[in-house]
Each structure stands twice: as structure tokens, then as C-alpha cells.
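Subject: The model, and what turned up in it

Hi,

Here is the structure I promised to pass on. Please have it open while you read, as my notes follow below.

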Amino acid sequence: MSQTEKETPKLNTKRLRGVEVQFEDYAPGLARVLPDGVLSAINAVFYGWQKLGILRYIFAGIMLAAIALPLGPAKDEVLVRTGFYMLAALGLNVVVGLAGLLDLGYVAFFMIGSYTVALFTESNATAHPAILDPWLILPIAVVVAMVTGLLLGTPTLRLRGDYLAIVTLGFHEIVRQTARNLSVVNGSRGVTSIPHPDFSIFGKSVEFGVLDPQKYWFVLCVFIVIALFIVQRIKDSRIGRSWEAIREDEVAASAMGIPVVKMKLYAFAIGASTSGLAGWALATKVGFISPNNFPLLSSILVLCAVVIGGIGSSLGALLGAALVFGLPELLRDIGAETILGFDVQTGRIAIFGFLLVVMMIFRPGGLISSSRRRAELSSGGDIAADSTAPGIPGES
Amino acid sequence: MEGFRYTLAAFAVQSGGYEGVNCNTAALGDLIVTGITLGSVYALIALGYTMVYGVLKLINFAHDSIFMIGAAAAYYLFVVWFGWTEEVSGIGLIVLTLVGLMFSALASGGAALTLERLAYRPLRRRGAARLSFLIAAVGASFFVTYLFQQEFLLGTAEHNFGSFMPSTPIFEVIGSPLNRPRLLLILGAVVMFIVLDRFVRTTRTGRSIRAVSEDIDAARMMGVNVDRVVATTFFIGGFFGGIAGFLYALVFRKVAWNLGFIPGIKAFTSAVLGGIGNLRGAVLGGLLLGLIENLSTICIGSEWRNVVAFSVLVLVLIFRPTGVLGEGLAK
Amino acid sequence: MKSSKWMALAALLTVVALVGAACGGDDKPTDGTNPPAGGGDCTWVIGTMGALSGDVATIGQPIFKGIQFGVDTVNESGDLPCQLQLESEDTQGSEDQAPPLAQELAQNPDVVAVVGPYFSGETAASGDTFAEANIPIITPSATNPDLSKNGWPFFRLLATDEASSTGTASYLSDVAKFSTVVVLHDNSEYGKALAELVRQKVGDSAVGDLIAINPEEDDFSAQISAAKATGAEALFFGGYEPEFRQVIKQGKDAGFDAVYVSGDGSKGTELPKEAAAEGAIVICPCDDPVASANPAANQFAKDYEASVGEPVSTYSIEGYDGVQLVAAALAAGGFDGDTAVEDIRAGLIDWFHSNVYEGLSKSFEFDDNGELATETVYAYEVKNGAYEQLGIVSELAGQ
């Protein structure tokens with residue numbers, strides 16, 4: 001046991017050439033108890049999968065989309081509502097997991113994306129700068145969210161990690177309270193009658209209603225796959241490696257010539273735009289948004305999803321979001337209103353809060369974690385780059 | 001293009017419902033007095049954030065729930081267990097108030113101690129990354145708060161509290177009446193700050209706290225029991241949070257599961273504003289923030305007050321990250 | 001390393017459970033724990049949604065209990081070929097919770113009508129969804145006037161804020177004869193609209209700015225100071241009970257000795273228990289069943305108390321009437337268990353538009369927008385820990 005424990009931080013030397021991950025990387029414990037034959041079979045699947053190249057993203061998208069087919073509209077609804085946050089979690093994972101920046105106000109960008117839709121469509125907001133087709137607003141929402149991310153990030157990304165957490169938290173509240181008070185978006189009453197993203201292609205019109213969520217899920221799957229593709233590509237690029245270096249030791253990274261603030265800004269911008277995209281999806285699906293849809297709690301829950309799923313892992317973020325946002329709904333749907341006296345809907349927050357603490361103590365890497373990230377989180381190598389003292393996270 | 005520009009201009013005019021700056025100083029006295037009352041709450045809570053930050057360099061996000069526990073404890077003691085609802089006066093009132101204060105303070109102090117023991121100490125032992133600490137603290141905060149939201153504890157309803165203390169005004173300051181709970185709150189903040197300041201400056205434990213805050217390894221080498229100092233710090237922070245919780249519940253005559261949330265964030269803002277880790281900074285920051293919030297309503301609509309408060313926080317952090325008085329308990 | 005093995009296993013099991021739950025529980029049983037108590041072997045579901053928990057549950061619960069009592073009464077009478085069954089969704093009074101819950105009701109193939117939502121904000125947020133499924137929305141308590149202008153199958157069992165605000169302004173100016181009134185609101189769909197209407201209708205008596213409080217906060221000192229600085233004789237608050245109580249408490253603490261007046265959203269069960277609220281006035285388009293001139297309403301108050309175990313409260317009777325109205329339409333339409341639900345929904349909507357139903361609280365005759373013609377508004381005063389009905393505002397003002 002102890003021997004393998006020492007091995008984890010190191011790179012796996014046995015890996016096949018050209019294969020990024022093996023099953024052992026996801027679940028070393030499980031891999032050890034499985035018979036060799038099963039393990040080889042799984043790894044063969046992994047191998048084949050990774051050999052698929054770009055095709056596997058399309059494949060994954062189709063599989064993800066297919067989940068909705070056998071389910072009824074009620075379950076699809078849960079899927080879609082979970083999907084918004086799966087997409088958002090993918091983006092937050094870039095900020096928190098890859099770049100190591102604790103963002104507690106992430107949903108503010110989500111909100112900005114949603115409100116952009118409200119302003120640019122025929123909703124009941126009291127003034128519109130322009131009325132556009134929902135699909136034309138998509139790039140606008142993404143860009144607006146990204147620009148806000150950059151505006152917030154430029155002055156604040158120089159701050160130390162925990163101050164950044166507070167600034168982002170404050171930013172969330174500023175955005176939300178502003179929306180509460182702006183009469184153009186009806187203040188705290190919210191905006192209704194946001195049109196659905198109907199479109200026509202080859203003369204055939206595709207209509208999105210309120211009652212059949214399946215189409216929204218397909219759209220979300222496309223978004224998720226695109227986001228996944230971009231994130232994975234960036235992760236393996238120079239930018240991704242810079243993030244890794246910054247996470248490991250900011251001072252050293254900057255000494256090696258990595259433009260630290262610029263790299264952090266990239267992460268912030270990618271995260272913000274993904275969040276804005278999810279916001280676009282939510283606004284056009286639900287047709288109603290109000291500042292109360294985006295409490296600080298939702299930012300925290302997305303963070304929970306990323307941390308529980310596996311900080312730094314895109315797959316983990318998706319799984320985490322499915323757990324945090326989907327599971328309580330499903331439990332309620334199958335009639336489990338309370339578990340051990342906890343209301344499933346509200347008590348989930350208590351349970352996930354508890355899980356965050358337990359996770360940080362026992363498994364800081366999350367359910368699906370890269371061994372590298374796990375090693376970083378369990379020794380003080382993260383934000384507190386120079387902490388060698390066996391006690392306190394030091395100053396950086 | 002011309003048309004688009006026109007719509008943009010029309011949009012800008014319509015969007016804010018902007019009616020021009022219209023300053024009204026008629027309520028100045030009231031705003032100052034209530035601003036100081038509010039500031040005293042922030043200051044009392046901010047002391048807890050600052051103590052923990054001073055020694056651990058950790059933002060204890062869970063402190064807002066510790067504050068809420070203080071209010072909840074008082075509610076249980078007075079309403080649930082003893083069902084005390086009638087007004088009392090004279091010596092009885094003093095005794096009841098002191099009992100309530102002590103009970104809330106001990107409950108919150110105990111909760112803070114437990115939190116440190118169960119969540120933060122294992123992390124410290126492992127030398128976990130700062131990100132891990134922050135996430136654990138956020139998790140702990142939401143765990144405690146939403147635990148109290150469950151029906152077997154406070155539930156989602158808000159409860160009446162504090163009917164034992166008469167709420168009639170006893171005297172006026174600059175045209176604004178003060179009643180017993182508000183007076184108690186302001187006095188409480190002043191007295192508690194002086195006691196804490198003396199404690200940290202003059203006692204042996206206080207010296208250990210300052211030593212740990214300055215250099216934890218050196219302190220350990222010099223024979224300071226770091227674990228005990230950290231535990232003490234958490235307890236003191238919680239103790240003050242509990243007092244704040246009790247007084248807050250008295251002033252607003254209500255107890256609810258989410259009572260800690262907004263004062264918690266505001267108190268944190270105060271601590272940063274004054275200089276986190278600095279006791280005097282916490283008090284100064286609290287009073288400043290309370291006054292800024294209320295006085296800003298003279299010229300800006302009162303619904304913008306939170307936006308003002310958080311904008312101040314962001315601006316302070318950008319331009320003077322160490323706050324008005326600078327960081328550090330040791331100073 | 002042991003832990004990681006278990007975590008991996010747990011993760012795997014959770015995924016399996018998720019998938020299992022997703023595929024397995026597709027045909028969700030619509031009946032909760034209570035199976036229908038005899039009668040026909042088919043069920044019609046009446047949906048309801050509102051604040052069943054949370055700080056405004058003091059307003060939502062009495063309505064819900066009235067609806068529940070109505071459903072029980074109909075089932076006991078056995079007049080319908082199918083059992084009625086109540087499916088409730090808890091919004092906690094917050095409009096952001098409403099759309100997914102409305103979705104759930106709309107997707108339930110047994111829902112014939114919705115008696116609710118209770119508040120204006122949640123109605124505005126969920127109306128489109130119900131409208132798409134052509135489910136009649138019968139609200140016992142949402143009073144924002146704009147709600148009926150959306151082309152939904154919407155029916156309102158009481159007067160709107162248009163009438164309430166006229167009544168309130170009439171009370172303030174003609175009955176109590178206040179020469180100065182300051183108006184506050186909570187920025188909600190209901191509270192803000194009501195406050196603006198009242199402020200406009202009291203005309204020159206309105207002093208100071210229209211002041212907004214933030215219901216998420218506890219401290220309203222800045223707003224109270226501004227109100228106090230106007231020196232008004234009366235304060236009108238548009239919003240819900242918890243905030244109205246705080247406004248009164250903090251107002252009196254600050255030495256602002258005005259008469260505190262609010263609308264139906266503040267007429268909950270907790271307000272009279274507040275010592276500081278003594279003398280507060282509530283204007284509401286609701287009759288008190290106990291004091292009503294209609295003996296059937298008096299009898300309802302007794303039956304309700306015997307069945308529910310607590311005295312009848314605001315809008316309980318409207319909730320009850322809503323269910324009875326649906327039951328009457330179901331009986332008149334001659335539907336049975338084999339009728340397609342779409343036909344029942346459409347049939348109900350037609351029936352509501354073309355018939356007059358004598359309810360306990362009032363007579364229901366809807367116009368094309370689903371509004372009632374009668375708009376009676378009552379004034380109440382908090383006295384000795386209870387609401388005392390002062391009378392119908394138009395009659396008080398006529399004296």
C-alpha cells in the first residue's frame with residue numbers, strides 16, 4: 001500500500017505511447033482490485049477511445065444526447081436543468097482547476113449572459129438596444145460575459161488567492177443587486193417572455209416549446225462538446241502548461257518568463273464566456289429570469305460540482321454537476337423527499353457543504369482526479385507556493 | 001447606424017430610471033445613529049474574521065454561520081426551552097441579558113472550536129494548500145447554515161425573539177431615539193473591543209497569539225503550543241460572533257436560519273476595509289462601512305446601498321489591498 | 001490509498017444509481033402517500049403552487065389549507081365520477097422557484113386545473129408554461145392587475161390591486177383623513193405595483209420619494225430614516241408580512257409614530273401577534289368568513305376550523321371556492337375517466353367563461369380576461385392580537 005502511495009505523484013512510466021490516460025489514472029484503487037483481464041479490456045477501450053482523435057468528441061456528444069431519448073419529458077427536464085450547470089462547471093473548472101484561481105462569483109457571468117438575452121430579444125424588459133434573433137445573440141452573450149470577465153480580472157488578478165475569492169464574491173453581489181435595481185430589466189421582478197431559440201433550416205422550422213425539453217438537451221450537448229473540445233485542446237497547449245506552472249509555483253513561473261497575469265486572464269475569459277453561454281441557454285429555455293435565480297449559493301454550488309467531481313478534470317466537472325444539480329431532482333422525482341430527516345432539496349446544500357470539507361481532508365482531488373492535481377492539493381504547493389511548514393498555508 | 005445610435009441613447013436614458021442626483025439631508029441624524037448601530041454589528045463580527053486571519057492567514061468563511069449560531073442559541077434558550085416572552089425590567093433584565101449573552105457567546109465559541117478541531121486542524125496537519133482551506137471553509141459555512149435550515153432545527157420560517165427586553169426608546173442622540181437593544185449593541189462593541197485589545201496586548205496568551213501571527217515556526221521553536229493558540233483564537237472569534245448574534249437578534253427581534261449571511265459578508269468587507277488581521281482595523285472598518293452604507297442613501301436611492309458597500313470593497317482591494325490601517329495582529 | 005478505492009467505487013455506484021433512477025422511475029406515481037379514498041377508480045389532479053414553507057408561509061399555508069379542505073369536501077361528497085387529488089408544489093414564495101415547478105405540474109398528464117399560484121411574482125413567472133399546456137390558472141390570491149393581460153387561461157377569484165389601491169387611497173384620504181402619506185415597497189411584482197398605484201391615487205397627500213426596501217436584508221434603517229424625515233401621518237407599505245413586521249418594528253424603534261398601513265400581502269397570521277403592530281391597518285379585497293353576512297361563509301369558517309384545527313385565515317375561503325368552482329365545472333361538463341385531459345382542460349376554460357358560479361366568498365362571473373366584475377375591498381385593524389374588520393371601504397368612505 002505505502003509503496004503505491006508514494007508512486008501517485010510521479011508520472012506513470014508504464015503508460016502506452018500516445019495514450020493520455022489509463023483507467024488507473026482515474027481510479028487507481030479500483031484498478032488494483034480488478035482482475036488483470038478486466039483491466040486490460042478497460043484499458044483497451046481507453047486506448048481505442050483515445051485513438052479516435054477528434055471523432056471521440058462527436059461520439060461523446062451523440063452518447064450524451066442519446067441519454068434523453070428513452071426518458072420522458074419530466075426526466076428530460078431534469079437533464080436540461082442539470083445541463084446548464086454542467087456547461088458552467090466545465091468553464092469554472094478552467095478557472096479553479098486549471099489556473100488555480102478561486103472564483104466565488106462565477107455565476108455572475110452566467111447572469112450577464114442571461115440578461116444579455118433578455119435585453120436583445122422581444123422580452124418584457126422595458127427597453128431594448130436592439131431586437132435580434134436568439135441565435136444572433138448567442139455570440140453577443142458570450143462576448144459580453146467574456147469582456148466583463150476581462151474587466152473584472154484585469155485589476156484583480158494581481159491579488160492574492162483569498163482576496164480574489166472575496167472580490168469575485170463581491171462582484172457577484174454587485175451584479176445581482178444592480179439587476180435587482182435596474183428598472184430596464186424590471187428589477188427584482190425579473191424578465192418574462194424571453195423567446196425560445198426557434199430556427200429554420202433548409203426550409204424546415206424547428207420549434208422549441210416549453211413542454212418538450214429534449215431539443216434543449218441536444219443543443220446543450222453540442223455546447224458541452226464544443227466547450228470540452230476547446231478546454232482539452234487548451235489544456236494541452238502552451239497556455240495549459242503555463243497554468244500548470246502558475247499553479248505549482250507562481251513566483252517560479254513568472255521568473256521563467258511566463259506572463260502570469262495574462263495567462264490568468266485567459267483562464268478567466270474562457271470561464272466567463274462558458275458561463276455566459278450557459279446563461280444564454282438558460283434564458284432561452286426557461287423564458288424567465290430574475291435576480292433571485294442567481295443567488296450567491298448557485299456560484300457556490302457550481303464550485304461544489306467542480307470540487308466534488310474532481311478539481312482540474314473536465315470529466316469530473318461534468319460528473320460533479322450531474323451529482324450536485326441532477327441527483328437531488330431525481331431523488332425527489334422518485335419520491336424521496338427527505339433522507340435521514342434532511343429535505344433533499346434544501347438539505348443537499350448542507351450535505352454538499354459537508355462533502356466539501358470531507359473531500360478537502362481526505363480526497364482533495366475529487367471523484368475523478370488527475371494524479372498531478374491530487375498531489376498538488378494535498379501538499380501545500382498550490383496558491384501558497386512556498387509553504388513548507390507542516391502547519392500553516394504560507395503567504396505567497 | 002444613425003438609428004442604432006439613437007436607440008442606444010434612448011436605452012441609456014430609460015435603463016436606469018435615473019432621476020438625477022437629489023441629496024436630502026433631512027434624515028442625517030438618524031442615518032448617523034443607525035449607521036453606527038449597524039457598524040457595531042459589523043465590527044463585532046469582523047473581530048472574529050480578523051483574529052483567525054491574524055494567526056492562520058485564512059479567511060474563515062464559516063464565521064457567518066458561527067454568528068448565526070449565537071442568535072439561534074439565544075432563541076433556543078429563551079423561546080424554545082424556557083418560553084420567556086413577557087417583558088422584564090430592572091435587575092431581572094440585567095440578569096437575563098447577561099445569561100443570554102454568555103450562553104450565545106459560549107455556544108458560538110464552542111461551535112468555532114469544534115469547527116477548528118474537525119475541519120481545519122486535519123488540514124493544517126497535512127499542510128494542505130490554501131485553496132483547500134478556502135474550499136473547506138466555504139463548505140463548512142454552507143453545511144452549518146443549511147443544517148439550521150432543516151425543520152428539525154430552525155426551519156425556513158423566521159422566529160420572533162427578544163420580547164423580554166422593552167423596545168421603547170430611552171433617550172435621543174442627535175434627534176434619533178435609541179432603545180435598550182441598540183444601546184447595548186453599541187456599548188457592547190466598544191467594551192468588547194477594549195477587552196480584546198487589552199487581552200491580546202497584555203496577557204500571556206495574547207503574547208502567544210501575537211507570536212504565532214508573526215512567525216508560526218519561530219513561535220513553535222520558542223515553545224509556544226501552536227495548536228492551543230489556534231484553538232484559543234477560534235474560540236475568541238466565535239465568542240465575539242456569538243455576542244454579536246445575540247445582540248443582532250435582540251435589535252431586529254427575529255431569529256432565522258439565514259440571519260448570518262448578509263451581516264457576515266458585510267463584516268468581512270469591514271475587516272478587509274480596515275485592514276484584515278488588525279483588531280483596530282476591524283472596528284474602524286465596521287463603523288466606516290455602516291456609515292458609508294447609510295450615508296450613501298442621502299444622495300443615492302437606498303436600494304443601491306449594497307452595491308455601494310461591495311463596490312467599496314472591490315475598490316479598496318484594488319487600490320489598497322491591505323486596508324486602511326494595514327494588516328497584522330502583531331502591530 | 002484505501003480511501004481512493006472506496007471513493008472510486010462510490011463514484012461508480014452513484015453513476016449506476018443515477019442512470020438507474022433516470023431510466024427506472026419514468027412513470028412517476030402522481031399520488032403521493034394518500035391513495036384516493038374510495039369513489040371512482042379514476043383520478044383528476046388539481047395542481048397548486050405557492051409558499052408552503054419559508055418566511056411567507058404564513059400567507060401561503062392558510063390558502064393551501066383552504067384548497068386542501070375543498071378537495072377533501074368534494075371527495076367526501078362523491079359528486080364527481082373521478083376522485084380529485086391535490087398535487088402541491090412549494091415555491092417558498094419566490095418567483096425563481098416557480099418555472100420548474102410549473103413545468104412539473106404542466107407535464108403531469110392528470111392535471112386538469114391549477115388553483116394557484118398564490119403570489120403575483122410566481123404567477124408571472126409560470127403563466128406561460130400553464131398557458132402552453134392550456135391548463136386553467138385559477139388564482140385565489142395573486143392580485144397584480146397586469147396578470148390577466150397576457151392571454152393566458154387565467155381566472156382571478158378576487159379583486160385586483162387596481163381595486164385594492166383605490167380602496168386603500170380612499171381609506172387613507174377619505175376615511176382616516178391623513179393629509180400626508182409616505183409609501184414604501186419591497187420591489188416585488190406585487191408590492192411595487194401596489195405601492196405605485198396607491199401613491200398615484202392618494203395624489204397630493206403623497207410625500208417624499210417612493211422608497212424601496214430589500215427583503216433579503218434585515219436592516220431597513222436608511223429607508224425608515226428617509227420615511228421618518230417626511231414626517232408623514234401614515235406609512236403605506238406594499239409587500240409581504242415579514243417585511244411589514246420589520247418595517248413597523250424598526251419604524252417604531254426609530255420613533256416614527258405614523259399609522260402603518262399595508263395590503264393583503266401583509267394579512268398573514270403572524271402580524272397580529274406582533275406587539276408593535278397594534279393599530280396597524282390592512283386593506284384587503286377579502287371578506288372575513290366569520291364576520292360575513294353570508295351564513296354559508298360562517299358555516300365554512302366553523303367547518304374549516306373543525307377540520308384543519310386552526311381558525312380560518314386570509315384567502316382560505318378563496319382557495320376553497322377555487323376547488324369548488326373546478327368541481328362544479330367538472331360535474332357540469334359531464335366528463336369521466338375516459339375523457340382526454342386536453343378536452344377537460346378546454347371544457348373547464350369554456351365553462352368558466354360562460355357560467356356564473358355562486359361561491360361562498362362571492363359570486364364568480366368572469367369577463368374575457370378572467371377578471372371578476374365585483375371588486376369589494378375591506379379594511380381591517382390589528383386590535384388585541386387579532387384582525388378586526390372595520391368594514392367595506394367604499395361604505396366607510398360614504399358615511
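Let me start with an open sheet in chain C: its 7 strands come in the order E7-E6-E8-E9-E10-E13-E14, and the pairing is mixed. Two strands count as paired if DSSP finds at least two bridges between them. Helices (H or I, at least four residues) and strands (E, at least two) are DSSP runs, numbered from the N terminus. At the edges stand strand E7 (211–212) and strand E14 (386–392) of chain C, each with a single partner strand, so one side of each has no neighbour in the sheet.

A word on the source: this is a predicted model, in which local features need pLDDT of at least 70 and side-chain atom pairs count only at pLDDT 80 or more, while totals for chains, interfaces and linings use all residues. Residues are numbered from 1 along each chain as its sequence is written, and chains are lettered from A and ligands numbered from 1 in the order in which they are written.

Back to that sheet. Strand E6 (residues 181–185) of chain C runs parallel to E7(C), joined to it by 2 bridges, and C:Leu184 has C:Ile211 as its bridge partner in E7(C). Helix H6 (residues 189–202) of chain C packs on the sheet, where it touches E6 and strand E8 (234–238) of chain C, and its direction makes about 165° with that of E6(C). Contact here means that the C-beta atoms of two residues, placed from the backbone, lie within 7 Å. Axes are lines fitted to C-alpha atoms (for helices over the stretch in contact), with angles from 0 to 180 degrees between N-to-C directions. Helix H8 (residues 241–253) of chain C also packs on the sheet, touching E6, E8 and strand E9 (259–262) of chain C, at about 170° to the direction of E9(C).

Further along, strand E10 (residues 281–284) and strand E13 (residues 378–383) of chain C pair in the antiparallel sense over 4 bridges; C:Cys284 has C:Tyr378 as its bridge partner in E13(C). E13(C) and E14(C) are antiparallel too, over 6 bridges, with C:Lys383 opposite C:Ala386 in E14(C). These two strands form a hairpin with 2 residues between them, and C:Asn384 in the turn has a positive phi of about 50°.

Chain C has another open sheet, of 5 strands in the order E2-E1-E3-E4-E5, with parallel pairing. Its twist averages 25° from one strand to the next. Strand E1 (residues 43–50) and strand E3 (residues 111–115) of chain C pair in the parallel sense over 3 bridges, and the bridge partner of C:Ile46 in E3(C) is C:Ala113. Helix H2 (residues 57–77) of chain C packs on this sheet against E1, E2 and E3 of chain C, its direction making about 165° with that of E2(C).

In chain A, helix H7 (residues 107–120) and helix H8 (residues 134–156) pack at an angle of about 140°, with their axes 8 Å apart.

One caution about chain B: its average pLDDT (the predictor's confidence in each residue, from 0 to 100) is 87, but pLDDT stays under 50 over residues 13–18 of chain B. Where pLDDT is low, the predicted coordinates should not be read in detail.

Best wishes
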